[in-house]
Amino acid sequence: MYIYTEATGRSSYNASLISPELHGVGCLQFYFHMYGDNMGTLRVKVAGRVTWELFGNQGNMWKRATLPLQNLTTDGYRVPMQQTVVIY
């Protein structure tokens, strides 16, 4: 999956990417590029709670994040990734 969001010229912006239904234990690995003065927040929720969050300028480079998906029920679940930008 791939998501590109751009907030230039906007005062606020929200975007979401939701995984297909997942089962069991594994990990979520993704790359992100968060560069600029009004970068906003990138957050990942697993089973309804925020498990990873980063905000602000992270430099002009691609970075990798790896999150273990463990201690979850065997029932199916989805992992939403949300990006929010608010410019003051």
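The model is predicted, so local features need pLDDT of at least 70 and side-chain atom pairs count only at pLDDT 80 or more, whereas totals for chains, interfaces and linings use all residues. Residues are numbered from 1 along each chain as its sequence is written, and side-chain values use heavy atoms, with hydrogens and water left out.

The protein contains zero helices and six strands; helices (H or I, at least four residues) and strands (E, at least two) are DSSP runs, numbered from the N terminus. Along the sequence, the pattern reads β-β-β-β-β-β. Of the contacts in the protein with a separation of 6 or more, 68% are accounted for by residues 24 or more positions apart, a contact being heavy atoms within 4.5 Å. The accessible surface comes to about 6200 Å², and carbon and sulfur atoms contribute 50% of that area; the areas follow the Shrake-Rupley method with a 1.4 Å probe, and for residues only the protein chains shown count as cover. Among the 88 residues, 31% are buried, where buried means under 20% relative accessible area, exposed over 50% and partly exposed in between (1.4 Å probe, protein chains only).

The structure holds three aromatic pairs. Rings of Phe, Tyr and Trp (its six-membered ring) pair if their centres lie within 6.5 Å, with planes under 30 degrees apart counted as stacked, over 60 as edge-to-face and the rest as tilted. One of the pairs, F30 with F32, is tilted, at 6.2 Å centre to centre and 50 degrees between the planes. F30 counts as buried because its relative accessibility is 8%, and F32 is likewise buried, with a relative accessible area of 8%. F30 also pairs with W52, edge-to-face, at 5.2 Å centre to centre and 85 degrees between the planes. Because F30 lies in strand β2 (residues 26–32) and W52 in strand β4 (residues 49–55), this pair ties together parts that are 22 residues apart in sequence. Both F30 and W52 are buried, and ring pairs link F30, F32 and W52 into a cluster.

Strand β4 also takes part in a hairpin with β3. The two strands run antiparallel and are joined by six bridges; strands pair if DSSP finds at least two bridges between them. V46 stands opposite R49 in β4. Two residues lie between the strands of this hairpin, and A47 takes a positive phi near 55 degrees. Strand β3 (residues 41–46) is largely enclosed by the rest of the structure, because five of its six residues are buried.
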